[in-house]
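User: I would like to learn how to read strands and helices in a model. Please take me through one.

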Amino acid sequence: MTQLVIAEKSKMAKKIATALGVPPVPSERGLYANETYRIVSCEGHILEDFMPDDYSDDFKKWSLETLPINPEQWKLKISESKKRYVIRIQKELAKANEIIHLGDPDDEGQAIVDDVLKFLGWNGPT
């Protein structure tokens, strides 16, 4: 069984790997792995909210007629500067049987990892 540990930040992923005795993967900066665990991080906010014009061209120019902007479903997109972290997590999810959620112990930390799992379609045990 492979457990994917997802930390919120790389510093935490490294500390977890050290505590569990999981070595870094030389060819994959920021990935730690052994036969039981694979450890990665989100690097904070790797997803961001859609901007108004991502929902509709009607919102490209601000107008009182189009306010308030209240979409039926709020959406997230990949932060361009952190795309590689999403790709890594997606790749590792395909190998995992279970997720160990280690976002920071606050609402924001919980949401960061939860949002990534939902965005990438994870339905397995967490």
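User: Is strand 3 (residues 37–41) largely enclosed by the rest of the structure or exposed, and why?

Analyst: This is a predicted model, in which local features need pLDDT of at least 70, side-chain atom pairs count only at pLDDT 80 or more, and totals for chains, interfaces and linings use all residues. Residues are numbered from 1 along each chain as its sequence is written, and side-chain values use heavy atoms, with hydrogens and water left out. Buried means under 20% relative accessible area, exposed over 50%, and partly exposed in between (1.4 Å probe, protein chains only). Helices (H or I, at least four residues) and strands (E, at least two) are DSSP runs, numbered from the N terminus. Strand 3 is largely enclosed by the rest of the structure, because four of its five residues are buried.

User: Which strands pair with strand 3?

Analyst: Two strands pair if DSSP finds at least two bridges between them. Strand 1 (residues 3–7) runs parallel to strand 3, with five bridges; L4 has R38 as its bridge partner. Strand 2 (residues 32–33) is antiparallel to strand 3, with two bridges, and A33 also has R38 as its partner.

User: Where do the buried residues of helix 1 (residues 10–20) lie?

Analyst: An α-helix has 3.6 residues a turn, so residues three or four places apart point the same way. In helix 1, A13, I16 and A17 are buried. Their directions from the helix axis to the C-beta atoms fall within an arc of 100 degrees, so these residues line one face. The face turned away from the buried side carries exposed K11, K14, T18 and A19.
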